[in-house]
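Colleague: I would like to learn how to read a few local features in a model. Can we go through them one at a time?

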Amino acid sequence: MTSAAQDHEQQVYPPSPEFVATANAGPELQAAADADRLGFWETQARRLDWATPWTEVLDWSEAPVAKWFVGGQLNVAYNCVDRHVLAGNGDRVAIHFEGEPGDSRSLTYNDLLAEVSKAANTFTDLGLVAGDRVAIYMPMIPEAIVTMLACARLGLTHSVVFGGFSSHALRSRIDDAQAKLVVTVDGQWRRGQAAPLKPAADEAVSEAASVQHVLVVKRTGIDVDWTDGRDLWWHETVDKASAEHTAQPFDAEHPLFILYTSGTTGKPKGIVHTSGGYLTQTSYTHHYVFDHKPGQDVYWCTADIGWVTGHSYIVYGPLSNGATQVVYEGTPNSPNEHRHFEIIEKYGVSIYYTAPTLIRTFMKWGRQIPDAHDLSSIRLLGSVGEPINPEAWRWFREVIGSGTAPIVDTWWQTETGAIMISPLPGITATKPGSAMAPLPGISAKIVDDNAAPLGAGGNGYLVLDQPWPSMLRGIWGDMDRYKDTYWSRYAEEGWYFAGDGARYDEDGALWVLGRVDDVMNVSGHRISTSEVESALVGHPAVAEAAVVGAADETTGQGIVAFVILREGVENTGDALIAELRNQVSTEISPIAKPRQISVVPELPKTRSGKIMRRLLRDVAEGRELGDTSTLVDPKVFEAIRSQNK
Ligand code: WT7
C-alpha cells in the first residue's frame, strides 16, 4: 500500500457533539442487535403496520431462499401512503417534483393517496390481478412512483426498466417476466429536448405476446403512434378513475418487484425482492443511516427509479418513513451546472444522497458553482454506487457539506435490497473512502479463497454470513443461476458471495475495493464485460471482442473494447468505430457505449483459450504489462499496443 493511502486511513472524522445530541442512532442499537439479532429485526419490523403479525421471524430451512416474518401480512403501499394520512400527516409534502424544463409541483401524502388509488382502480379495471407483472419504462416523474405504489397496493410485481435503456433491453425484460402491462410516456425531457420514449416501447411490445395494454403518460406532448385497443392515455383513464381504494394485505413474502442487473454472463438477472423484509430494512436503514426526521428534513436522493437506489431510497424507504423529498427529472447541467444547487437552495434540502461520479463531475466544474449558493440547509451527505475516493469525499464534505456534514458511504447492491455497510451518523467516526462497518443486525466477513477470515491489511472477498431481511429471494425464472452465482463459492459455509473485494485496516474499518468479477462499474452502473462483448459480436463486421473496465477519472471505470474484424471486412476507421459504438448503444444503452474501441489483429489468450483481460486492462490503463508467461504468443501485444495509441 502507498503511504498516501495510509495517510487517508489515519484521518478520522468523529461526529460533532451537536449531531450526536439529536441523532436517531444511539449505541443501544448495536447492543440490541448483538444481544438478539432476530429480536432486533422484529423490533425494526414493528416500524411498519402489519394486518396480520408474523409467527416466525426467519425461516432459513430452505436456504438460500429465506422467508422473513413468516405468516405476517401487510400492504406495502398502505405503509408508504395511507398510514401517514391516517396519522394526520396528509397535508405533509411527500414529493417536491422539479421537472427539467422548469415546471414544478408538490404532492402531499393526501395527493399521493388519491393518485395511487386512481391508478390501482385503473389497473384493476384492466383485469390485472395480484401476481401479474407490470413493466415500467418512464423518466423521473411522479407518475412513475405512483405506478410503482399502485402495483404494490394490488400485489402486482413491478419491473422498472431504466428509461435510458434501448427497446431491445426493454423487450428482453418484458419477455422474461411476461409482463401484461407496460407503463410509459410519450417522451422525456433531456437537456431541453423532448426525446421520444413511446417508439421504443412500441418496438419492444410489437411482438411481445404477453402485453395486453400500454398505458401512456403525456409528459412532453410530442406526436406518438397509437394502437387502438392496446394503448391508453393516463389522463383519459387514471385521472378519471375513483380516488377511493381499499388496500388488501399480502403475505410478507409476496414478490414486490423484479429488477434486472448485469451479471458476469450476457443475460441480465431478474433480481426478485419480496415485501415484509424488504420494507423493514429499507425503512430501518433510511431512518438511521440518513438520520431522517419526518416533518423536518427535506431529503433528496439523486438516483433514477430505474436502479435499485431509486426503488429503496426514493420510493420504499423514504415514503415508508413519511419523508418529504425532492424528485428531479433531468440532468445536473440542464440548463446549466447550477441546477442541483439551485434545487437544494429552493427546497432547503437537508439530506443529499448521490454517487461519487457526480461528485467528481462537480469537482471538475469547480467549486465556484456550489459556492454561489446557500447550501446551509444541508446537514447530512450520502454516497453510493462505487468506492468514493478520499479526495472526492473531502471535497463533498468541505464544499457541499460546509465542512461539517457527516458523510455516509453506503455499500449495498441490487441483490441486498438495502444498505448493509455504512457509518451511522452520530455514532461512527468516519474515514474518507471507507464504508466503515456492517450496520447493526447485519453480519459480513472478509475472507480468502479458503474461507479463512482475514485480519487487518489483507485483501479478500466480501461475504455476508447471515441472512438479512431485504435479501433477494432469487433470480426470476432461474433458481439454479441464483444458487450458482451467489452461494456456490462458499457453499460449505453457506455464505453469500458479494463479488466485491475488501479489506480491514488497522483500526478495523472496512474498505470496499471494487468488483472481483467481470462486472464493470461505470458511473455507478453495473455493466458486464460479456454483455458489451456480445453486443459487439452482434455486428456483422466483428469476429471477436474483448471488453475491460479501465480506470476513469470521472466515471470510476470506462469501457474499453478490443475487436477483431471478420475476414474480408474493410476497416473504415472512425466510421466503423462509430457504428460499433452505436451498436452497443442500441443493443444495451448509451451508458454501455465503449469509451474506446481498438481494432486489433489478435487477442491475448492463454493456452486454454481464455482471453487475458488483466493484460488488456494493463494496456488500456497504459501500464507495463503484468505476467505474460501463460500467453500463447506474448508478441500479440506489440500489435495491440500500436493500435491503442
Ligand atoms: C455494486 C452494486 C447499491 C446501489 C447502487 C449500485 C458497488 C455500491 C458501494 C460503496 C464501494 C460500492 C459494489 C457493489 N458499490 N456501493 N459505497 N462502496 N462499492 O447497485 O448496481 O447492484 O451495484 O456497486 O461493487 O457490488 P448495483
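**Reading loops, a ligand shell and a helix pair**

Modeller: Start with a loop: Ala451 lies between strand S21 (444-447) and strand S22 (460-464). Helices (H or I, at least four residues) and strands (E, at least two) are DSSP runs, numbered from the N terminus. Residues are numbered from 1 along each chain as its sequence is written. This is a predicted model: local features need pLDDT of at least 70, side-chain atom pairs count only at pLDDT 80 or more, and totals for chains, interfaces and linings use all residues.

Colleague: What is the phi of Ala451?

Modeller: Positive, about 70 degrees, although Ala451 is not a glycine. Asp291 also has a positive phi, of about 50 degrees, and is not a glycine. Asp291 sits in the loop between helix H11 (276-289) and strand S16 (298-301).

Colleague: Is Asp291 buried or exposed?

Modeller: Count C-beta atoms, placed from the backbone: 20 or more others within 10 Å of a residue's own is buried, 12 or fewer is exposed, and in between is partly exposed. Asp291 has 22 such neighbours inside 10 Å, so Asp291 counts as buried. Ala451 has 16 other C-beta atoms within 10 Å, so Ala451 is partly exposed.

Colleague: Which peptide bond is cis, with omega near 10 degrees?

Modeller: The one from Ala63 to Pro64. Pro64 is in the loop between strand S1 (56-59) and strand S2 (67-70). The bond from Ser334 to Pro335 is cis too, with omega near 0 degrees. Pro335 is in the loop between strand S17 (324-328) and helix H13 (339-347).

Colleague: How many residues surround the ligand?

Modeller: A residue is near a molecule if its C-beta atom, placed from the backbone, lies within 6 Å of it. Here 23 residues surround the ligand; the closest are Pro387, Gln413, Thr414, Val512 and Arg526. Elements giving two or more residues to the shell are helix H12 (308-320), strand S20 (407-410), strand S24 (496-504) and strand S25 (510-515).

Colleague: Where do helix H18 and helix H19 stand to each other, and at what angle do the axes cross?

Modeller: Axes are lines fitted to C-alpha atoms, for helices over the stretch in contact; angles run from 0 to 180 degrees between N-to-C directions. The axes of H18 (residues 529-537) and H19 (residues 574-587) come within 9 Å and cross at roughly 120 degrees. Under 35 degrees is roughly parallel, over 145 roughly antiparallel, 65 to 115 roughly perpendicular, and the rest oblique. H18 and H19 are therefore oblique to each other.
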